[in-house]
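Here's a walk through this two-chain model, from overall build down to a few individual side chains. Have the structure open as you read.

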Amino acid sequence: MKKLLCFVLCLAMMPFVFSASAENISINFSIWDKNQQPGMEAIAAAYTEKNPDVTINVQVTPWSEYWTKLQAAAAGGSLPDVFWMHSNQFYVYAEAGTMLDLTDLNIDYSPYPEGVTAMYQYEGGQYAVPKDYDTIALAYNKEIFDNAGVAYPDDTWTWDTLLENAKKLTDKEKGIYGYGAPLHDQEGFLNFIYQNEGYEFKDGKSGYDLPETREALQFYIDFALKHEVSPTPQSFADVGADDQFKAGRLAMLNVGTWMMSDYTVYDGIKDKFDLAVLPKGKVRASIYNGLGYAGAATTEHPEQVKDFIKFCGSEEANIIQAEHKAAIPAYAGTEKYFVEQFSNINIGAYPEMISYGVPFPFSQRKSLWINTEYENLGAVYSGEFTLEEACDRMHQTITEVEAE
Amino acid sequence: MDLRTVNKRRFKAEYAWGYLFIMPTIIGLVILNIYPLFDTLVLSLYKKQGLVGMKYVGLENYVKLFGDSLTWQSTLNTFLYVIYTVPIGIFLSLILATMLNNKIRFKSLFRGIYFLPIVVAPAAVTLVWKWIFNSEFGILNQFLNLLGIKGPVWISTPGVTLIAAAIIGIWSNIGYDLVMILAGLQSIPGTLYEAADIDGVNAWQRFFYITIPQISPVLFFVTVMRTMNSLKQFDTIYLLVDRSNPAFRSTQTLMVQFYIEAFQKYNQGYGAAIAAWMFVIIMLITVIQFIGEKKLVHYT
């Protein structure tokens, strides 16, 4: 009786087993940005339409847990088939050989920003296809400018104009600050360092010993400490910079492209803000970064995964991505579809800055020294270190870590 | 066969059954606790960064660990957190438990309310408290304002933030300690109090000579557990301060430092050394507590 039951059960399972292997391949696709989920699902749907035998499951894990989860999955050999890769984290995964080598896909990389393609190369191989890029622009609150009678920022602005107008716009009684200078690298101080012809990290070397770098950091920190035209990191820890801008307490703030899908739907700010290119220092610069689509070396379906990644990098998928307001698509020429989605703001400032954009500095060992900037610059704000001391310490830490 | 061997055999057979019954727990402990414990100790002697490659470096991680002022700062923070939370937390639980042990109205309702924080996820608790602590819009500072006190910027002032974290810690754990102590109070035989009444003792004497000794095993258990949990504090502080917070250095505990090293910087060998340091601290404190147990705890 028992045997018979087993036999019947096995028989009953057969169709499922066969249909799973022969007809339908399921690919897991892991991302961290909930705002981009519809865009990614649309790309997945477009791919499934062409390849009915492949289903793609988009899974969102919030940024704060994404890397912890991915690290454990990589160590356990169970990475999702396809996943977003970030330049800061890339080397850890590439070095461990956990990513699928995409070199033989023979994609033409000329339409993508050079910096983004280069972020995902390791020992001559290409391990991720550029997905998008983002730059940093100056967002401003038109209402605060109108009330203070200050002209809106434009491409004639320099560091001096920025500081001067930030002073005019600051109204402490109303709790309004002219400019938000939080302790952020990508949106914040890095832009100033490169605009001052300094650098954070280049060709394996720390740039924190350079006077240009230090001068830029001093300028940035002084917004809050000396001129008091920006809230302090203490205030930003209480209420984040984005929230302060959205609450109408900051007249200006450096904002990355990725925040646009949020700002443009947030009632308090969507009709009140606009964008301008970053003010010019000695030179123009805006930090850009780009994500990549990567595959797992352990995937059971390497061919389908590669094919899907290739599709993600195609012009068609980039247009889908742009139409979902996700991010500026990496494929040259498709950014206009992104710009079209935003009728009432000067979103074009973002793609405009790519011509003089500086790739977000990356290195094989960055994850080991990335916290040193926050630790040491934070101590400058609290008065524990002088800027010189902090820069010496950062320079030393980065140099030591890189030399190991 | 004489009786002794028969007994011996039966004894052995019973032992075997005994082992068999505890096997599932033992297997779980070995796989999930004991093996990782030794693995961590071994890992702390290696340089392991990222996902591949291990290099034996002897005690280098420990030399670096104890040479870093940050380690001592987080160790101090961890101890301060324990000092802030454990005595006050247990004192408050004791008072509340004594009050709830009386015949008062809505007793079960109060017990339920005090226990509620235990069932809420620490992440949610921290996010709500973050708003309560907000220096401008937070209800706490508004309240202090009414009293004419200017409240501090709770979650980003070095020194103050750890106190804020301790307040959250006390608030979220009071219910558990309270229930334990309450159970202890209710198991005190009423005859003891009756006898004391006949002897004409006052309320204070009743409390210090009957209640406290009678519940001392529970108090000891609660103190040990609370101390260990406070030493392991991670989630509240991790969620309360991020790396751009000026109070980060003066707030992060050893567990937070461990998490950042092992999971954010991919510095697993060094992270393992922090975990080992944690292990030593917890062990020492627990040994001290068990020595104290012999002197202070009264078992009936």
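Accessible areas here come from the Shrake-Rupley method with a 1.4 Å probe. On that basis, chain B exposes about 17,400 Å² of surface, and 71% of that belongs to carbon and sulfur atoms. Keep in mind that this is a predicted model.

## Chain B: overall build

Chain B has 12 helices and two strands. Reading from the N terminus, the order is α-β-β-α-α-α-α-α-α-α-α-α-α-α. The radius of gyration is 24 Å, well over the 19 Å that the globule rule gives for 300 residues, so chain B is more spread out than a compact globule. Its C-alpha trace spans about 80 × 65 × 30 Å along the principal axes.

Of the 300 residues in chain B, 39% count as buried. Take the contacts in chain B with a separation of 6 or more: 69% of them come from residues 24 or more positions apart. On the charge side, chain B carries 23 positive and 14 negative side chains, with the centres of the two sets 4 Å apart.

## Chain A: overall build

Chain A comes with 18 helices and 17 strands. A compact globule of 404 residues would have a radius of gyration near 22 Å, and the 24 Å of chain A agrees with that. Along the principal axes, the C-alpha trace of chain A covers about 85 × 50 × 45 Å.

Buried residues make up 56% of the 404 in chain A. Among its contacts between residues at least 6 apart in sequence, 73% join residues at least 24 apart. The accessible surface of chain A is about 16,800 Å², with 51% belonging to carbon and sulfur atoms. As for charge, chain A has 29 positive and 58 negative side chains, and the centres of those two sets sit 3 Å apart.

## Helix H7 and what covers it

Which residues of helix H7 (residues 159-169) of chain A are buried? They are A:Trp159, A:Leu162, A:Leu163, A:Asn165, A:Ala166 and A:Leu169. The cover over these buried residues includes chain A helices H6 (142-148), H8 (185-195) and H9 (211-225). Strands S8 (136-141), S9 (177-180) and S12 (250-256) of chain A are also part of that cover.

Over all chains, the structure holds 55 aromatic pairs. In one of them, the rings of A:Phe219 and A:Phe223 have their centres 5.1 Å apart and their planes at 70°, so the pair is edge-to-face. Both residues lie in helix H9 of chain A, four residues apart, which is about one turn of the helix. A:Phe219 is buried at 15% relative accessible area, and A:Phe223 is buried at 0%. A:Phe223 also pairs with A:Tyr220: the ring centres are 6.5 Å apart and the planes at 80°, so that pair is edge-to-face too. Those two are three residues apart in H9, or about one helical turn, and A:Tyr220 is buried as well.

Leaving out residues up to four places away in sequence, A:Arg214 touches A:Tyr208, A:Asp209, A:Leu387, A:Glu388, A:Cys391 and A:Asp392.

## Where the two chains meet

Ring pairs link A:Trp32, A:Trp63, A:Tyr66, A:Trp67, A:Trp84, A:Tyr93 and B:Tyr266 into a cluster. B:Phe263, in helix H11 (residues 254-264) of chain B, is partly exposed at 31% relative accessible area. Setting aside neighbours within four places in sequence, B:Phe263 is in contact with A:Thr68, A:Gln71 and B:Phe258.

## Two glutamates with positive phi

A:Glu123 has a phi near 45°, a positive value in a residue other than glycine. A:Glu123 sits in the loop between strands S4 (121-122) and S5 (125-126) of chain A, and counts as exposed at 73% relative accessibility.

A:Glu197 likewise has a positive phi, about 65°, although it is not a glycine. Look for A:Glu197 in the loop between H8 and strand S10 (201-202) of chain A.

Definitions and conventions
Residues are numbered from 1 along each chain as its sequence is written. Chains are lettered from A and ligands numbered from 1 in the order in which they are written. Side-chain values use heavy atoms; hydrogens and water are left out. The radius of gyration is taken over C-alpha atoms; the globule rule is 2.2 Å times the number of residues to the power 0.38. Buried means under 20% relative accessible area, exposed over 50%, partly exposed in between (1.4 Å probe, protein chains only). Contact means heavy atoms within 4.5 Å. Lys and Arg count as positive and Asp and Glu as negative; His and the chain ends are not counted. The place of a charge is taken as NZ of Lys, CZ of Arg, CG of Asp or CD of Glu. Rings of Phe, Tyr and Trp (its six-membered ring) pair if their centres lie within 6.5 Å; planes under 30 degrees apart count as stacked, over 60 as edge-to-face and the rest as tilted.
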